[in-house]
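User: I've got a model open and want to go through one strand with you. Can we start with the terms?
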Amino acid sequence: MTKQELKAKVLQAIDRRRDEIIALGEQIRLNPELGYKEHKTAALVEKTYEALGLKHTRGLAITGSKAEIPGAEQRVRIAVMGELDAVVCPEHPDADPETGAAHSCGHNAQVAAMLGVGMGLIDANVMPHLAGDVVLMAVPAEEPVEIEWRQRMREMGKISFLGGKQELIKLGALDDIDMTIMFHSTSTAPGRHAVVGGTANGFIAKFIRYRGKEAHAGGAPHLGINALNAAILGLQGIHANRETFKDEDTIRIHPIITKGGDLVNIIPADVRMETYVRGRTMPAILDASRKVNRALRAGALAVGAEVDIIEIPGFLPRVNNPDMSEIFRKNVAELVGAENVATGGHGTGSSDIGDVMHIMPAIHPYVGGAAGAGHTKDYTVADPELFYIVPAKAMAMTIIDLLADGAEEALNIKRNYPPLLTKEEYLRQWEEFCSAEA
Ligand SMILES: [Zn+2]
Ligand SMILES: [Zn+2]
């Protein structure tokens, strides 16, 4: 059977499951959960694997899972990833009333489409024509949030990284994977129903704690040391460094104060902050990170407070594999029209797929279907077909291109793009970045 015939069969199979795929995505959207806590979403994914008769492993990096769809031969193994987590967006109309979590980053589309890929490949019975395995992977915690909570989890030895994919790398869950395909949703714009290729910032994360001295805020403030004032001076110091960042390094630093004091009539003695230091390259990130630490210390020094700065691995910058991107581009163009497919530039957000991209060929294109800005209360599903179904089809078509004809395309890509880092180098690098003398 030709690639075109295989693709046609899979597209029909996905169309037959259209309502089911959309219903899965909507069920996840209405049950948003934060990273490393996605228990309901994980259970739904596992139930769907079972319904598809797939052998799977669960509990990877707490809520992650992995299901195998074997090919006729085992020449290459391709992972299709879907992220399980939501962000905090309490103003969102569909936010969880208790946690404030909402799917305003659209990860529910990734999980539904990942399962849709599995349904299409299995129902159309194309795997006997493919020379490699497909592995569906539900991955926890893409959003590197709740840093203080995750830092406690790190100290307890429950996780080592903010990001679920990084954790899966460390645990060896990607040791048997040769390449990875995923996508991210985006708001549809004219000419941008899909955006393929491009690069994006990496970052380093920090948890910061200023320690001052309590005193009665009215009666005896002269006896205290105001940790909030120290933190505010630290923030001002960061701002004073912004003019030293080069435009081409696309540095982004956006600290928040997560605890500003205990009671209004007590001089704040415990003030906590979280921040990322993002940039285009690791040297640029590390340079900006040293300046941030210097500024944070200056705030403490000014009022005689103490500051603890805990460096936590962020994500590596993103580098899409060019050949895989081209294959995806052709396929998504067949579905939405070439005039609606744009080429990605440099994005200043970050994702832990950047880490995966350093140890194997991988792609992270964008597909539309949403409306409203990501991470805000306005983010909605505007076009369920484009949001859930088109990405499932484009990923399944890409898999057929990679694995048909003896997996020739996939093997070429493996040959042409040796990994930038081995897993061991990757793990060592993050240790070095986060233990560097600030
Ligand atoms: Zn996000
Ligand atoms: Zn996202």
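Analyst: Strands here are DSSP runs of at least two residues, numbered from the N terminus. Two strands pair if DSSP finds at least two bridges between them. Note that this is a predicted model.

User: OK. Which residue stands opposite Arg-272 in S14?
Analyst: Lys-259 does. Strand S13, residues 256–259, runs antiparallel to S14, and 3 bridges join them.

User: What about S11, how many bridges join it to S14?
Analyst: 10 bridges, again antiparallel. S11 covers residues 202–211. Within that pairing, Phe-207 faces Glu-274 of S14.

User: And S12?
Analyst: S12, residues 252–253, is joined to S14 by 2 bridges and runs antiparallel to it. Arg-252 sits opposite Arg-278.

User: Why is S14 described as largely enclosed?
Analyst: Because 10 of its 10 residues are buried. Buried means under 20% relative accessible area. Both faces are covered: one side includes Glu-274 and Tyr-276, the other includes Met-273 and Val-277.

User: Switching to Tyr-276. Buried or exposed?
Analyst: Tyr-276 is buried, because its relative accessible area is 10% and the cut-off is under 20%.

User: What does its side chain reach at 2.6 Å?
Analyst: The backbone oxygen of Pro-144.

User: Which other residues does Tyr-276 touch?
Analyst: Setting aside residues up to four places away in sequence, its contacts include Val-145, Ile-147, Phe-203, Ala-205, Arg-252 and His-254.

User: How far apart are Tyr-276 and Thr-258 in space?
Analyst: 14 Å, C-alpha to C-alpha. In sequence they are 18 residues apart.

How values were computed
Residues are numbered from 1 along each chain as its sequence is written. Chains are lettered from A and ligands numbered from 1 in the order in which they are written. This is a predicted model: local features need pLDDT of at least 70, side-chain atom pairs count only at pLDDT 80 or more; totals for chains, interfaces and linings use all residues. Side-chain values use heavy atoms; hydrogens and water are left out. Buried means under 20% relative accessible area, exposed over 50%, partly exposed in between (1.4 Å probe, protein chains only). Contact means heavy atoms within 4.5 Å. A polar contact is a pair of N or O atoms within 3.5 Å; within protein, one must be able to donate a hydrogen and the other to accept it, and residues adjacent in sequence count only if both atoms are side-chain atoms. Helices (H or I, at least four residues) and strands (E, at least two) are DSSP runs, numbered from the N terminus.
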